[in-house]
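This briefing is for a reader meeting the structure for the first time. It begins with a single loop residue and then turns to the chain as a whole and to selected places within it.

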Amino acid sequence: MSAVIRISKYEFDVKEILLLFFTFFLMENTFSWLVLPNSSIILMYEKVLSLVIFAFLLFKFRSLMLDEQVYLGLMFFVVIKLIFESMLDYGTIFQQLTLFTILFPVAFIVFIKAISRTLDLDVLEIVAQFYIVLYVVFMAVYGRDFSFSLEAVTMDDYGPFSGDSRIIHARSIFMLIIPLLWYFNQFLVKGKKTSLLLFVFCIIAIVIHQHRSVWASSLFGMGIYLFMALRNGIISIPKVTRISLVAIIVLGLTTFVISNISPGLIDFFGERFSEILDPAREDGTGKFRADQRRVYFPMVLEKPVFGLTFEGFEMKNPLVDWWPAKSGQHFHEGYMEMLFYHGFFGLLLKYFYLLYLAVYAFSKKLSEKAIILIAFSLAGLIFSFSYVLPLVFWGNVGLCLYYLSKCREDKYSENRAKRPINIDIQQHQKYLTD
C-alpha cells in the first residue's frame with residue numbers, strides 16, 4: 001500500500017507527488033532557482049528531462065488518444081527532419097539541442113494532459129496556491145532590493161531575475177494570472193472574503209512589478225474569463241455590474257489617496273501603461289522587439305515553411321554584438337522565435353492548441369476550472385508578443401485540455417443519464433416466462 005500525502009484538501013500518492021514535482025512544478029523558474037540557484041544546471045536538467053519525456057511519449061504512443069498521436073507525430077516528423085539536416089550539413093546527430101527544446105512544448109502539452117488523465121488529477125487549486133506561496137517566499141528571500149526605480153542590476157547569473165529593481169522576470173510574474181483568475185472566480189461564485197483578499201494581492205503584485213506585458217495579458221485574460229463565465233451561466237450580468245461599480249469606486253478612492261500621498265506615482269504608472277498602446281516608440285523597451293521583427297521577418301520569408309533551423313541559430317546576430325557567437329538570436333517575442341527557427345509550420349504546431357482553445361471559448365458547456373485555464377492560456381497569445389512563454393505555461397495548457405476533456409465526459413454522462421430507457425414489454429415478459 002503506497003503512502004498518501006495530503007496537500008490542502010487533496011490526497012496524492014508519493015509517486016504522484018514526485019512526478020508532479022520533477023516534471024511540472026520544477027519547470028517554474030523561480031521555484032527551481034530556490035531549489036538549485038544555478039542557471040546552467042537548471043537548463044541542463046530541462047534539456048535532459050525534455051528528451052526523457054519525449055522518449056517516454058514515443059514509447060507510450062499507442063496508449064495516447066488519436067489527437068495526441070497526430071500532434072506528437074507531427075513533432076516527430078520535424079525532429080527527424082532536423083536530425084537528417086544536422087547529419088548532412090554538420091556531421092552531427094543534432095547540431096543544436098536548443099532547437100529541440102524550443103519545439104518541446106508540443107510534447108509537454110501532450111505529456112501533462114496524458115498523465116493528468118491517467119492519474120485522474122485535480123490540481124488547479126493547488127497550482128493557484130503554489131504560485132501565491134512561491135511569490136511570497138521568493139520575494140522574502142530575494143526581494144529586499146525591490147523598488148519602483150527600474151534601476152539596472154548587474155548579476156553573474158540572472159536566472160529568473162528581471163535584471164533590475166523589479167526583481168522577478170515577467171515570465172514568472174505572468175504565471176500569477178492563474179491565482180488571479182482562480183481567486184476571482186472563487187469570490188464571484190462563493191463570495192469568500194479570503195478569496196477577495198488573495199485576488200487583490202495578485203493584482204497588487206502584478207501592478208507593482210511593472211511588467212506591461214503582464215498587465216496587458218492580465219486584462220485580456222480577465223476579459224476572456226468574464227465572457228466565458230457569463231456565457232456558461234456561472235455568474236450573472238447584474239452581479240458583474242454591481243462588482244464593476246464597486247471596483248470603479250474603490251479604484252477611484254485608491255487613486256485619490258495615492259495621488260495625495262505620492263503625487264508623482266500616478267503619473268509614473270500612467271506613463272508606464274501608455275507604452276502598451278505605443279510599444280514601438282523610440283524611448284520604450286518595446287523598440288528592440290520591433291527591430292527584431294523588422295530585421296528577422298524578411299529572413300523568415302526566405303524559408304517560410306520550416307524556418308532557418310540550425311543555420312539561423314548559428315548565424316551572427318545582426319542587431320547586437322554582446323551575446324556569444326553561435327548562441328542563437330535571443331528572441332524576446334515567442335512568435336518571431338518560432339517563425340525564424342521553425343517557420344510557419346512550427347509556429348502553427350506550437351500554438352495550435354491555443355487556437356483550439358480560442359474556438360472552445362465560445363462553448364456553453366464549460367466547467368469553472370476549464371474556463372479559468374482557457375482564459376489563462378489565451379492570455380499567453382498576448383504575452384507572446386513580448387516574451388517567449390515559459391515551459392511551465394505549456395504544461396498548464398495540457399492541464400487545461402485535460403479539464404476540457406472532463407467537461408465533455410461529464411456532459412456525455414449527463415446526457416446518458418437523461419436518455420429514456422425503452423423496453424419492449426412483450427419481449428420482457430416472454431423473457432421472464434422462458
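Asp120 has a relative accessible area of 53%, so it counts as exposed. The model is a predicted one. Asp120 belongs to the loop between α6 (105-119) and α7 (124-142), and its phi is near 50°, a positive value in a residue other than glycine.

**Backbone angles**

- Most residues other than glycine have a negative phi.
- A second residue with a positive phi that is not a glycine is His330, at about 55°.
- His330 sits in the loop between α15 (309-314) and α16, and with 27% relative accessibility it counts as partly exposed.
- A glycine with a positive phi is Gly233, which comes just after α11 and has a value of about 70°.

**The chain as a whole**

- The secondary structure consists of 19 helices and two strands.
- The radius of gyration is 24 Å, close to the 22 Å that the globule rule gives for 434 residues, so the chain is as compact as a globular protein of that length.
- The C-alpha trace spans about 90 × 65 × 45 Å along its principal axes.
- Buried residues make up 46% of the 434 in the chain.
- Of the contacts between residues at least 6 apart in sequence, 72% join residues at least 24 apart.

**Helix α11 and Ser218**

- Helix α11 has 20 residues, which at 1.5 Å a residue should span 28 Å; the end C-alpha atoms are 29 Å apart, in agreement with this.
- Ser218 lies in this helix, which covers residues 212-231.
- The relative accessibility of Ser218 is 8%, so Ser218 counts as buried.
- A polar atom of the Ser218 side chain is 2.7 Å from the backbone oxygen of Val214.
- An α-helix has 3.6 residues a turn, so residues three or four places apart point the same way.
- Beyond its neighbours within four places in sequence, Ser218 is in contact with Ile177, Leu180 and Ile206.

- Asn185 is part of helix α9 (residues 177-190).
- With a relative accessible area of 0%, Asn185 is buried.
- The side chains of Asn185 and Glu368 are joined by a polar contact of 3.0 Å.
- When residues up to four places away in sequence are not counted, Asn185 touches Lys190, Tyr225, Ile234, Glu368 and Ile372.
- Helix α17 covers residues 368-383, and its 16 residues should span 22 Å at 1.5 Å a residue; the end C-alpha atoms are 23 Å apart, which agrees.
- Of those 16 residues, 13 are buried, so α17 is largely enclosed by the rest of the structure.

- Phe340 lies in helix α16.
- Phe340 has 0% relative accessibility and therefore counts as buried.
- Leaving out residues up to four places away in sequence, Phe340 touches several residues, including Tyr296, Met299, Val300, Gly307 and Leu308.
- The residues that Phe340 touches also include Thr309, Gly312, Met315, Gln329 and Phe331.

**Aromatic pairs**

- The structure holds 49 aromatic pairs.
- One of them joins Phe24 and Phe25 edge-to-face, with 5.2 Å from centre to centre and 80° between the planes.
- Phe24 and Phe25 are both buried.
- Tyr71 and Tyr353 also pair edge-to-face, at 4.5 Å centre to centre and with 70° between the planes.
- This pair links distant parts of the chain: Tyr71 is in helix α4 (residues 66-89) and Tyr353 in helix α16 (residues 334-360), 282 residues apart.
- Both Tyr71 and Tyr353 are buried.
- Ring pairs also link Phe174, Tyr335, Tyr351, Phe376, Phe383, Phe385, Tyr387, Phe393 and Trp394 into a cluster.
- Over the face of Tyr387, a member of this cluster, lies Arg289, at 4.7 Å from the ring centre.

Terms used:
Residues numbered from 1 in each chain as written. Heavy atoms only, no water. Helix = DSSP H or I, 4+ residues; strand = E, 2+ residues; numbered from the N terminus. Buried < 20%, exposed > 50% of the residue type's maximum accessible area, 1.4 Å probe, protein only. Polar contact = N/O pair within 3.5 Å; in protein donor to acceptor, adjacent residues only side chain to side chain. Contact = heavy atoms within 4.5 Å. Phe/Tyr/Trp six-rings, centres within 6.5 Å; stacked < 30°, edge-to-face > 60°. Lys NZ or Arg CZ within 6 Å of the ring centre and 35° of its normal. Expected span 1.5 Å × (residues − 1). Rg over C-alpha atoms; globule rule 2.2 N^0.38 Å.
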